[in-house]
Amino acid sequence: MNTTAPQIVLGTMDFGTRVAPEQAFAILDVFVAGGGVWLDTANCYSFWADPSGVGGASERVIGSWLRARPGARDAVRIATKVRQNPLVAHSWPKSAEGLSADAVRAGAKESLGRLGVDHVDLLWAHAEDRGVPLEETVGAFGELVAKGTALRIGAANHAAWRVERARSLAQEQGVEPWTALQLRHSLVQPRPLTPLAEAGHRLLTADDLDLAEAQGLTVWSYTSLMWGSYVRADKPLPQPYDHPGNTRVLSVLDDTAEDVSASRNQVVLAWLMRQGIDPIVGASRVEQIEQALGARDVRLGDDHVERFAQAR
Ligand SMILES: NC(=O)c1ccc[n+]([C@@H]2O[C@H](COP(=O)([O-])OP(=O)(O)OC[C@H]3O[C@@H](n4cnc5c(N)ncnc54)[C@H](OP(=O)(O)O)[C@@H]3O)[C@@H](O)[C@H]2O)c1
């Protein structure tokens with residue numbers, strides 16, 4: 001696993017669709033004022049919630065905010081993704097752009113345009129594209145790093161074996177390899193082998209952690225807060241999460257939250273960061289990101305971590 005101290009990453013998926021631009025600006029301001037650095041977006045955010053049927057709204061809001069706040073570009077690091085944007089409105093996944101070399105180049109170029117920046121700090125392949133030779137995708141990502149379009153590259157929602165294969169191909173080609181993984185992960189886990197309702201989501205596995213540990217890769221978790229389900233009766237956990245292991249884990253979560261005087265959400269984020277994982281947190285209100293940043297001050301002991309492990 002990467003050795004730099006884990007950080008809270010601001011998820012901006014809903015900016016410009018479910019979250020109005022002025023509200024997004026306030027969240028971004030509070031995040032940066034609170035010492036937050038990394039923003040996570042994607043070229044496809046959020047085509048499913050946008051009347052246009054294509055993505056780009058989130059990147060456009062970040063671009064407007066950067067223009068409105070002199071110096072902000074130097075204060076943040078921007079991660080975006082290519083792969084999932086529909087080429088034809090309202091026809092995903094049939095018309096998703098994919099990971100051909102042309103698609104990767106075009107996707108990255110358009111993202112820079114919407115963000116109004118000359119490079120991104122991290123470019124993710126948003127999901128696998130098994131219809132394209134991996135060599136081609138690897139070459140295209142490597143080329144973007146060589147040109148300075150992306151400072152780093154990573155793989156979201158990929159099987160660990162595909163990431164390692166891609167890293168070998170990058171070595172053969174003499175180009176930059178993927179050095180970061182982004183997958184869905186949180187304290188509660190669904191019953192094994194139950195399909196997730198959310199299209200495109202892929203759960204973090206022990207193989208991913210093994211790979212990250214062995215190769216020094218960065219790991220970002222998404223849906224870290226289960227959309228607020230830890231603290232909100234209006235958002236119950238989905239059915240695959242209804243099992244005795246999670247009942248025990250949630251009971252330990254309550255004990256731990258009381259023990260360290262923190263909220264359930266803050267304990268979950270602290271638990272992720274203690275394992276070296278950078279949790280992405282989505283926020284639609286300023287208070288939500290303030291609370292998330294507060295997780296950096298929560299100290300969990302070995303005993304807390306052990307109790308969670310035993311509860312499963
Ligand atoms: N790579 C991928 O495939 C992928 C997939 C999904 C997400 N992501 C990334 O991860 C980010 C977050 O994902 P997500 O939105 O699915 O998951 P999340 O972070 O678990 O959920 C965010 C939502 O939780 C609620 N929330 C946050 N803090 C809260 C608090 N203190 N109290 C009560 N509710 C709170 C809010 O819901 P309300 O807005 O309803 O209040 C917020 O919008 C996205 O923005 C995106 O950057 C990546």
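Helices of at least four residues and strands of at least two are DSSP runs, numbered from the N terminus. These legends use those element names throughout, and the model they describe is predicted.

**View 1. Asn157 in a loop between a strand and a helix.** Asn157 belongs to the loop that lies between strand E5 (153–156) and helix H6 (160–173). Although Asn157 is not a glycine, its phi is positive, at about 55°. Asn157 also takes part in the ligand site, being listed among the closest of the 28 residues that surround the ligand.

**View 2. The shell around the ligand.** Along with Asn157, the closest of the 28 surrounding residues are Arg18, Asp40, Lys235 and Ser284. By residue class, the shell is made up of 14 polar, 9 nonpolar and 5 charged residues. Two elements, strand E8 (278–282) and helix H10 (286–294), each contribute at least two residues to this shell, and the largest share, 3 residues, is that of E8.

**View 3. Polar atoms facing oxygen atoms of the ligand.** Which part of Arg18, side chain or backbone, lies 2.8 Å from an oxygen atom of the ligand? It is a polar side-chain atom of Arg18 that lies at this distance. For Trp227, by contrast with a side-chain atom, a backbone N or O atom is found 2.9 Å from an oxygen atom of the ligand. Met226 likewise presents a polar backbone atom, 3.1 Å from an oxygen atom of the ligand. On its own the ligand has 910 Å² of accessible area, and the protein covers 93% of this.

View 4. The peptide bond from Tyr45 to Ser46 is cis, and its omega is near -20°. Ser46 is placed in the loop that runs between strand E2 (38–40) and helix H2 (57–68). Trp92 and Pro93 are also joined by a cis peptide bond, for which omega is about 5°. Pro93 has its place in the loop between strand E3 (77–82) and helix H4 (101–115).

**View 5. The protein around these sites.** The fold that holds the details above has 11 helices and 8 strands. Its radius of gyration is 19 Å, close to the 20 Å that the globule rule gives for 312 residues, so the protein is as compact as a globular protein of that length.

Note on methods:
Residues are numbered from 1 along each chain as its sequence is written. This is a predicted model: local features need pLDDT of at least 70, side-chain atom pairs count only at pLDDT 80 or more; totals for chains, interfaces and linings use all residues. Side-chain values use heavy atoms; hydrogens and water are left out. A residue is near a molecule or strand if one of its heavy atoms lies within 4 Å of it. A polar contact is a pair of N or O atoms within 3.5 Å; within protein, one must be able to donate a hydrogen and the other to accept it, and residues adjacent in sequence count only if both atoms are side-chain atoms. Accessible areas come from the Shrake-Rupley method with a 1.4 Å probe; for residues, only the protein chains shown count as cover. Ala, Val, Leu, Ile, Met, Phe, Trp, Tyr, Cys and Pro count as nonpolar, Asp, Glu, Lys and Arg as charged, and the others, Gly among them, as polar. The radius of gyration is taken over C-alpha atoms; the globule rule is 2.2 Å times the number of residues to the power 0.38.
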